[in-house]
Amino acid sequence: MLDTASQFLGGVFSVAELDVLVLTNGVTIKNYWRDIWRHREMLFFLAWRDILVRYKQTVVGASWVLIRPLLTMLVFTVVFGRIANLPSNNMPYSLLVFTGLLPWGFFSSALSDCSNSLVSNAHLLSKVYFPRLIVPASTLLVGLVDFAISCSLLVVLIFWYGYFPTWKILLFPVFTVLTAVCAFGLGLWAAALTVRYRDFRHLVPFFLQLGVYASPVGYATNLIPEKWRVIYYLNPMVGIIDGFRWSILGEENIYWTGVLFAVCFSALVLVTGLRFFRKSEATFADVI
Amino acid sequence: MSIAIDVENLSKRYVISHLNKGARSIREVVGGYFSKFSGTESHTPIDDAESSGSSTTEEFWALRDVSFQVAEGERIAVIGGNGAGKSTLLKILSRITEPTAGQVSIRGKVASLLEVGTGFHPELSGRENIYLNGAILGMPRREIQRKFDQIVSFSGVEKFIDTPVKFYSSGMYVRLAFSVSAWLDPDILIVDEVLSVGDQAFQKKCAERMKELTGDGRTVIFVSHSMAAVKSMCERALYLKNGRVISFSPVEAAATEYIRTVMMETEQRQWHCERFEVVQGVSEDYQENSEYCTCTEGWIENESANQTSLLRMDQNFKIRVSYELKKDLDMEVVPNFHFYTEDGARFFISFPEHPAPQLKGKYIAACEVPAFLMNVGRFSVMPVLSSYKLSNTVLFAVPNALRFEVVEMPNSDSRRHGWSGDIPGLARPRLDWAITSA
């Protein structure tokens with residue numbers, strides 16, 4: 001009687017101040033989001049652990065967060081700006097590179113950490129219960145922290161070159177969220193698939209490696225001939241990086257269709273990614 | 001009393017892939033489809049494995065139709081050998097994995113300790129790990145803060161609390177790890193053999209803390225191979241074997257049953273042996289004074305004169321041993337049967353009223369064991385023929401020759417008076433009683 005009632009209500013309900021939890025096959029718990037909310041502290045602790053652990057036993061410590069994008073910026077500036085002599089749209093080439101590197105770095109580290117997160121926390125998945133979404137979400141949080149630190153570098157650069165932002169900078173957070181959504185959506189797919197097919201451990205880094213060149217990180221978008229534009233913008237990061245440059249550097253020309261596509265694409269991957277993740281999360285502990 | 005955990009027809013199936021344990025790669029999956037659709041067989045080891053068996057996967061039921069109920073505040077043990085399904089059951093109860101069929105209803109907040117120190121990171125300090133581990137086990141941060149000092153002092157690693165745990169000795173590490181778990185405060189606690197950590201003193205501390213934790217009305221599910229721990233902590237035991245419930249009974253009975261089964265499985269020869277034959281030079285441990293006599297065979301016979309090793313407590317049974325005297329003897333010979341308990345302690349020795357015949361010939365010594373002498377349990381018999389005139393009194397002895405089990409049929413003991421539990425002890429004699437008004 002008790003069980004049929006609880007099944008009817010589909011999960012958790014309250015009898016005499018205690019929750020009754022019904023576990024059966026294929027019944028996803030209705031209060032999934034409440035469950036995640038209850039585990040929010042774990043989310044922060046996992047992120048905190050990853051941040052704390054990453055630069056232990058290194059000499060320069062957390063400075064790596066700054067050193068890495070700076071060095072990449074230098075290399076890209078030299079290779080694309082000096083050697084290849086690509087056009088910079090009348091702005092310092094290093095600034096052009098950095099405004100591309102900033103979202104790209106966030107995207108690529110969030111995506112690759114996200115996709116590896118479940119496998120590298122396998123011992124947790126097989127020993128404790130918690131909403132599995134916590135694990136990839138915590139890596140996104142780590143990515144955001146790195147992103148924030150890199151942003152401080154951006155501020156320094158902007159003032160160094162005397163580029164004072166316009167009102168367009170107000171849309172900066174919007175593009176940040178867009179990047180996060182895109183990375184997280186793809187990351188959820190990759191994470192859930194990696195549990196079953198370890199091939200994604202190789203596939204994701206490979207695509208990210210190609211992605212640096214397929215996205216306008218080291219060059220400006222207007223380098224791409226008009227006839228290739230539609231295909232080029234199928235890469236959502238093109239629209240996103242465009243958006244960042246537009247908002248930070250106040251560029252005049254922006255291909256809004258590309259940005260819109262990036263928005264739709266990101267929303268789609270997030271929704272489908274969440275669905276796929278939730279569908280497969282019940283079996284993670286069995287196959288990991 | 002209300003039910004804390006209600007498990008109904010719970011089953012869990014695992015699909016074992018024979019190609020590659022656990023992780024799969026796309027090549028296998030795609031390749032598998034490809035060869036199915038194209039119908040061509042390539043000659044990779046994968047396909048060979050596929051063609052030799054009809055399928056590449058095998059089903060394995062880790063749990064099958066398991067049903068039981070745990071009342072609120074009850075402490076139960078889950079026992080069984082390796083692969084019995086204990087861990088799978090715990091994993092389902094603690095929501096790590098989903099059941100394949102059936103359902104579980106759990107009332108109250110669950111904490112499960114399937115391992116101590118889950119999520120401990122070697123690079124982090126003891127302090128940091130306490131917070132991390134606590135969060136993973138579902139302790140709110142404020143609660144950890146409140147219990148922090150207790151946790152640290154319990155673990156006894158105060159001095160090193162800010163040292164990365166990778167520099168800890170394994171003992172310190174485990175002590176700290178257990179300490180965090182020891183301060184959880186759930187309604188239902190699921191514990192998987194985490195007690196056996198640390199040195200003796202710490203183990204004692206753990207056991208005490210566990211007792212404390214498991215007291216005050218908490219529902220506990222405890223998995224262990226240690227029957228002593230199980231008996232001291234739990235009231236009832238769920239005995240699993242090959243994913244099925246063998247019994248769910250008071251812990252004493254279940255533990256005995258488990259030990260018995262384990263002994264049966266580990267011992268090469270089975271316990272039950274209703275008949276023996278002496279084969280010269282082959283029968284181990286057999287002793288005889290072959291100048292005078294030899295033992296040939298022996299058996300156990302129930303009331304209906306059937307040879308059996310499964311005997312009813314409420315019926316008489318006979319032990320019969322046949323032997324041969326090789327010549328006329330000028331001394332008294334006395335057959336005597338030694339009865340042993342299951343663990344090898346001598347229960348009693350029985351002698352006949354009169355000595356046996358002394359003339360050359362074949363004899364059968366029979367001894368009738370009355371009903372209600374032996375309690376439920378397992379016993380063995382060593383038939384002996386002795387002569388107390390010789391310096392070596394043993395004419396023959398067949399150690400561990402017959403092994404039998406006494407069972408109690410339902411309602412066969414009129415003196416139970418409604419008690420349905422265990423009646424421990426080796427014997428259950430029906431003694432004369434008189435209760436008179438004083």
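Reply: Helix α3(A) passes helix α4(B) in a left-handed crossing, where left-handed means that the near helix is turned anticlockwise from the far one by less than a right angle, and right-handed that it is turned clockwise. Helices here are DSSP runs of H or I with at least four residues, strands are runs of E with at least two, and both are numbered from the N terminus. This is a predicted model, in which local features need pLDDT of at least 70 and side-chain atom pairs count only at pLDDT 80 or more, while totals for chains, interfaces and linings use all residues. Residues are numbered from 1 along each chain as its sequence is written, and chains are lettered from A and ligands numbered from 1 in the order in which they are written.

Two packed helices are described by the angle between their axes and the distance between the axes. The axes of α3(A) and α4 (residues 126-136) of chain B come within 9 Å and cross at roughly 145 degrees; axes are lines fitted to C-alpha atoms, for helices over the stretch in contact, and angles run from 0 to 180 degrees between N-to-C directions.

From α3(A), the residues that make the contact are Glu41(A), Met42(A), Phe45(A), Arg49(A) and Leu52(A), and from α4(B) they are Glu128(B), Tyr131(B), Leu132(B), Ala135(B) and Ile136(B). Two residues are in contact if their C-beta atoms, placed from the backbone, lie within 7 Å. Sorted by class, this helix contact has 7 nonpolar, no polar and 3 charged residues, given that Ala, Val, Leu, Ile, Met, Phe, Trp, Tyr, Cys and Pro count as nonpolar, Asp, Glu, Lys and Arg as charged, and the others, Gly among them, as polar.

Turning to the whole contact between the chains, 30 residues come from chain A and 39 residues from chain B. On the side of chain A that touches chain B, α1 (2-9), β2 (18-23), α3 (40-54) and α13 (284-287) each supply at least two residues, and the largest share, 6 residues, comes from α3(A). By class, that side of chain A has 17 nonpolar, 4 polar and 9 charged residues.

As for confidence, pLDDT is the predictor's confidence in each residue, from 0 to 100, and chain A averages 86, with 92% of the residues scoring at least 70. Over residues 1-16 of chain A, however, the pLDDT is below 50, although this stretch has 24 contacts in the model beyond near neighbours in sequence.
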